[in-house]
Amino acid sequence: MTRRIVRTVSQLGALAVLTIVVIFFLDNKFRVLPSAIHNALPAHHPGLVITDITVTSCSRLNVFTSCQLDSEVWHRIEKDLYLGKGWVSSAFVHIKRKKEEELLGEDKVIVDVKVGRLDPSTTVKGEGDERWESRPAGLWLKRSARRHASDSHQAVTSVDVLFGADAVDPRDGWQMVGTPLLLETSGEGQEARLSVRRGKEAPHARPVPRIGENGKFKIMQVADLHLSTGTGACRDEMPVGHNGGKCEADPRTLEFVGRLLDEEKPDMVVLSGDQINGETAPDAQSAIFKYAELFIKRKIPYATIFGNHDDEGSLPRAGQMSLIESLPYSLSAAGPEDIDGVGNYYVEVLAQGSSKHSALTIYLLDTHAYSPDEHNFKGYDWLKKNQIEWFKATAQGLKKEHAGYTHIHMDLAFIHIPLPEYRDDTLPRKGEWREGVTAPGFNSGFRDALVEEGVVMVSCGHDHANEYCALTSNEAKTPAMWMCYAGGAGFGGYGGYGGYHRRVRFFDIDLNEARIRTWKRVEYGDTGKRIDEQIIVEGGRARALDA
């Protein structure tokens, strides 16, 4: 009896599996299931699929031209393909998109996109039997009306526009279309390029930094990249005449940073502001993607704050942070909306192993841009009272959570614009002070708040040629906190000051000894040397310079 029941159950199970496979196959070919069921299947692309793409051009001299299409049918990507620099012309990409369940029999789904002067069927190997449809600006579309085309992994589900000969798209599932759109442009910086996503939007979890099994954690601070839309022009490059006098700012900057990522293998990168050179980056997204790609392809978590130049181009801070937050391996956060600035947040680095305790807290704060009161305080802005109150309340709250950690917990901070105390030339310091400290004219007291809450090190950027660490003491004249500069890394920003070589700062944190060691690496010259290597924290406390 038992054997008969087992045999019957096995037969029913096999029949059920066969039925599911047959239905899945039929639905994939002929869409036989109701939408509510079909949409839940793994092959389905939730959201929209792209059914057409076109480019419109218009001229301010010709009132009969328009860059607008029927908004009920077409969605316009709000990026002028001339980046606003066309003498009289503008151009925009438009896409048609539909929900999969709303596709009609006559609808075609885009499965490939190319750009060129010739029909891809005549120039691309293996495409001879395919039919490509022509669109303006050298755009060629391969569309399919097959019933299951929208479920294909080749189905295009989103389109974006990026700019420059060096444009990249580091987002999962996205791919650059190789050739720029064929427009009447002047200069490579205006090259408009399509990027397309196929399939579903790839979800990704926020990374959780953790101390290594050896008890160590290395932070790479990259300051003042000053990236452009396009390859950019070098400023004050050293040595003069290097590479035959040809210097493209962004490729040289990114090659430098990439080399150090491979050699130093940091556990985390802090981008401490002015990643974007606003006035030469009319499409900030293209510039952001270039630096993000360095970390994403190496699977290195990175945290971002803004400087005074980041939002001088096409995208305000909030828009940039929203984009950065969405990228893989990003630790960045906009922070509380009820305090000044965008990018006031902290990152917890968990202890080694499977511990849920934080071993290291990294505070990142927005130092804004230019003084809101030039009459009384010329120059640059300062951290506001509500930011400092947020920091103190957060630090005090976290101390209670950190009480369960059995080793010495340490707190660090990163900002862009230096604190007024950086101007004190009587402080013990190591490293070069080449230029005037452009700190705020008004002192809002953030240095005191950092010391009160036990932060052992703060590091900034902004003044590219300054690269020192200075030791500030407490009222008892004992070492309290190190205040460091990273030094500027990017060739799109100024250098000079007697032959400054671009550089990057590292912090090697040993939680076994509660010790922090720091040094810099340069782009040219003695590129393998650790410049000004020193221990700044020992036993969880700031260490005197001559200790």
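Predicted model: local features only at pLDDT ≥ 70, side-chain atom pairs only at ≥ 80, totals over all residues.

Modeller: The count comes to three disulfides, where a disulfide is taken to be a pair of cysteine sulfur atoms within 2.5 Å. Residues are numbered from 1 along each chain as its sequence is written, and side-chain values use heavy atoms, with hydrogens and water left out.

Let us begin with Cys58 and Cys67, which form a disulfide with their sulfur atoms 2.0 Å apart. The torsion about the S-S bond of Cys58 and Cys67 is about -100°, so this disulfide is left-handed.

Next, a disulfide joins Cys234 to Cys247, with an S to S distance of 1.9 Å. The link of Cys234 and Cys247 is left-handed, with -70° about the S-S bond. Cys234 and Cys247 both lie in the loop between β10 and α4, so the pair ties together parts that are 13 residues apart in sequence. Helices (H or I, at least four residues) and strands (E, at least two) are DSSP runs, numbered from the N terminus. Cys234 is buried because its relative accessible area is 16%, and Cys247 likewise counts as buried because its relative accessibility is 16%.

Helix α4 covers residues 249–264, and its 16 residues reach 23 Å from the first C-alpha to the last, close to the 22 Å expected at 1.5 Å a residue, where the expected span is 1.5 Å times one less than the number of residues. Twelve of the 16 residues of α4 are buried, among them Phe256, Leu260 and Leu261. These buried residues pack against β10 (216–222), β11 (268–272), α5 (284–296), β20 (503–510) and β21 (515–522).

The remaining disulfide is formed by Cys469 and Cys484, whose sulfur atoms are 2.0 Å apart. The torsion about the S-S bond of Cys469 and Cys484 is about 110°, so this disulfide is right-handed. The pair links distant parts of the chain, with Cys469 in strand β18 (residues 469–473) and Cys484 in strand β19 (residues 479–485), 15 residues apart. Cys469 is buried, and so is Cys484. Both strands belong to an open sheet of seven strands with mixed pairing, in the order β13-β14-β15-β17-β19-β18-β16, and two strands pair if DSSP finds at least two bridges between them.

If the bonded cysteines of the protein chain are numbered in sequence order, the pairing is 1-2, 3-4, 5-6. Cys460, by contrast, is in no disulfide, and the nearest cysteine sulfur, that of Cys484, is 8.6 Å away. Cys460 counts as buried because its relative accessibility is 0%.

Note on methods
Buried < 20%, exposed > 50% of the residue type's maximum accessible area, 1.4 Å probe, protein only. Contact = heavy atoms within 4.5 Å.
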